[in-house]
Amino acid sequence: MAVSHCLSWAATAFTAVLLFSFGSVAASHIEDQAEQFFRSGHTNNWAVLVCTSRFWFNYRHVANTLSVYRSVKRLGIPDSHIVLMLADDMACNPRNPKPATVFSHKNMELNVYGDDVEVDYRSYEVTVENFLRVLTGRIPPSTPRSKRLLSDDRSNILIYMTGHGGNGFLKFQDSEEITNIELADAFEQMWQKRRYNELLFIIDTCQGASMYERFYSPNIMALASSQVGEDSLSHQPDPAIGVHLMDRYTFYVLEFLEEINPASQTNMNDLFQVCPKSLCVSTPGHRTDLFQRDPKNVLITDFFGSVRKVEITTETINLQQDSEIMETSYKEDQMGEELMEPLKYAEQLPVAQIIHQKPKLKDWHPPGGFILGLWALIIMVFFKTYGIKHMKFIF
Amino acid sequence: MAAAMPLALFVLLLLGPSGWCLADPQRDSLREELVITPLPSGDVAATFQFRTRWDSELQREGVSHYRLFPKALGQLISKYSLRELHLSFTQGFWRTRYWGPPFLQAPSGAELWVWFQDTVTDVDKSWKELSNVLSGIFCASLNFIDSTNTVTPTASFKPLGLANDTDHYFLRYAVLPREVVCTENLTPWKKLLPCSSKAGLSVLLKADRLFHTSYHSQAVHIRPVCRNARCTSISWELRQTLSVVFDAFITGQGKKDWSLFRMFSRTLTEPCPLASESRVYVDITNYNQDNETLEVNPPPTTTYQDVILGTRKTYAIYDLLDTAMINNSRNLNIQLKWKRPPENGYIHYQPAQDRLQPHLLEMLIQLPANSVTKVSIQFERALLKWTEYTPDPNHGFYVSPSVLSALVPSMVAANPVDWEESPLFNSLFPVSDGSNYFVRLYTEPLLVNLPTPDFSMPYNVICLTCTVVAVCYGSFYNLLTRTFHIEEPRTGGLAKRLANLIRRIRGVPPL
């Protein structure tokens, strides 16, 4: 009896201690939760970077896109999560005096093309249709994985577009345009299909603010390089290359991003201040009314960096030396398979065989409906002209 | 318990070695080689080949362990039942006339040809899907391959590997000439190599040097080969080749001294640890001759002689797996020097400025004996302003003759010239020594037919315009300003009509 009483007392004391500890843990949990409410709940990051201009004098648009690509890769998003669309090839263009390079600063200081670039959509593949298909996910089944945006409802997506634009549209390759309404509808489709958690849209074109005017889906933040009625200007030409290297807005954004590292706590308000009118000549704009969180709580790395699941271990792992690499199996397979006939290589130019090939019979197809209908019409007209009485004898 | 323990130990011991035996022995091997060929025009060609041979029958086994053979390509072979795959990306054109025959040439753009196994039922569908998958792997627009640019050759493109029968129904060939090759195609190609670009010969593959070339071609070839000399079973061979030609004037700045550092901005430090053979071959066919035009540094220890593409060639071998090669200095920088000064000693070219000065081209050439030297210049014909044409432009425009000033060795030494004593025909050119004589020759003038506009055009236009204006305006004017009267038909005999005709001619009113 005393033992059971003792046990029950111990049990209650134990549970009290447990509850107390749970309470303190719960209190810190609530604090954590409150803090997490202000943090984004994303688990992966994607980036869609689009350059829509063709031709050598639009070098700066390719340099813009590649500098954002470079920053995004440097801050941790891997190539498999980046969809890079470049409408023309500047690096290996015959007019490029330094092949395989795209520079962003004059005097060739920074090569944004680099040695490790993977362009997913290039040249003629950059069309409005392909862009919208990538965003909405309605892609033909044979599309390879690197060309798909496989985001889910916990993905933060960065979309960057640059090129020539106007009030309400963006020009693709000088032959078609995408309007702001189509873009807004595409984002709404993405929201309804739960393809993003939060979306950051940056556009560097003339009158870029018109492109985000029509958005109506939640959790979208947008930045543009100029207001409606203003032109976005280019930064500086390089006399050796002969064209303008970057646009002003993206140049200063690149400078800003070069200061960011994967652990930095800089927030979006700093990005909004990046290019004041004195430097950019145009007035950059932004739109945050659709975004749920306060921009000052949104980290730059929420969109430009990547969530990484890293497990740190302090064990040492020994790599084994590869022993006895040699051209094997000259002797091993002699024992087995003695009964098989030796195989041989094909003759590269068997003249006799080529000459005596039988021509393949073309498959006979019955005449198509159109031809049948045409002949029926001709026959009808003939019999109408010469009297219907003839038809009685035929049918 | 005590009896169970040794039993357990025994079982463990059994499982141990058999466990090791269950793991496949290493069945794939890598060989890498680089061939450097100095070309007759002073340029240098470098050809990389990385060959991975995998002793496995992909069709029969369910393969899931990939070691050296890249998984991306191995999965392609099993999924689409490929027998052979050849994919190349090329920028530029191999100039056989100046550079000699190539080892393996590829067309400009992207070329893909594939032999499928005879178990494939819908070849066109597999072909379309395969080109889409390859476009994702190599970051190229191969997804534009469809029935409009695919053919089934019947006479050529026989399989390069083992083949029982060749039913051409299983072959597909497509070329995309518009395809651009750049770093984004090189990056995934490099990632397929076992040592990537970290060790061995692949450290030399830097994009900014490889694309600054006259010719760049990278290719992937997969085919089945014989596993052993008796050829009773199949191995899969993957060859990745990359050929570049470095131009003497663009990359070499006119100097013809080449070294690995100058070409690739890197030197070789170590062989790929996964390679069973890692060698650099340098073509020194011109080295052993008496004139010794080419010098190779460091001097080679072994050479390889064979008849390659019809001619006998000698190659110096630098084996990276040979420890003595790398141990001397931590890196290997092979240098090629042309000992004799180049034949084109001096070239001066001054391009023309329109209506200011003409073209001037001067060249100092040393002509080898018993040879023919051709100098050719390309030009374009342009339209002049219409006032600059002569009255007879269809005759053509004259280009002044070229001048050849030559110092010709004399068969017999001549006496020094005495200006006053010797006859006048001997003292035209001052000659310093008697071993050669100076001669100046001229070619014929060139008559070039420039595109001539039609000078009769203004005359024809004026005539036509005046006619049209006269007919239209004149008719309208007549219609607007004249009044019309009805005329009675005149009756009368033939005589009266003749008389009226004569009166009309005279200007007298008719009868």
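Predicted model: local features only at pLDDT ≥ 70, side-chain atom pairs only at ≥ 80, totals over all residues.
Over all chains, the count comes to four disulfides; three of them are visited here.

Select Cys92(A) and Cys182(B) to begin. A disulfide joins the two, with an S to S distance of 2.2 Å. The torsion about this S-S bond is about 85°, so the disulfide is right-handed. Cys92(A) sits in the loop between strands S2 (82-86) and S3 (121-122) of chain A, and Cys182(B) in the loop between strand S6 (171-176) and helix H5 (183-191) of chain B, so the pair joins two chains. Both Cys92(A) and Cys182(B) are buried.

Next, select Cys195(B) with Cys272(B), where the S to S distance of the disulfide is 1.8 Å. This link is right-handed, with 85° about the S-S bond. Cys195(B) lies in the loop between H5 and helix H6 (207-210), and Cys272(B) in the loop between helix H7 (260-264) and strand S10 (275-283), so the pair ties together parts of chain B that are 77 residues apart in sequence. Cys195(B) is buried at 10% relative accessibility, and Cys272(B) is buried at 1%.

Cys206(A) is buried, at 17% relative accessibility. In chain B, the sulfur of Cys463(B) has its closest cysteine sulfur in Cys466(B) at 7.0 Å, again too far for a bond. Cys463(B) is partly exposed, with a relative accessible area of 34%.

Definitions and conventions
Residues numbered from 1 in each chain as written. Chains lettered and ligands numbered in written order. Heavy atoms only, no water. Disulfide = S-S within 2.5 Å. Helix = DSSP H or I, 4+ residues; strand = E, 2+ residues; numbered from the N terminus. Buried < 20%, exposed > 50% of the residue type's maximum accessible area, 1.4 Å probe, protein only.
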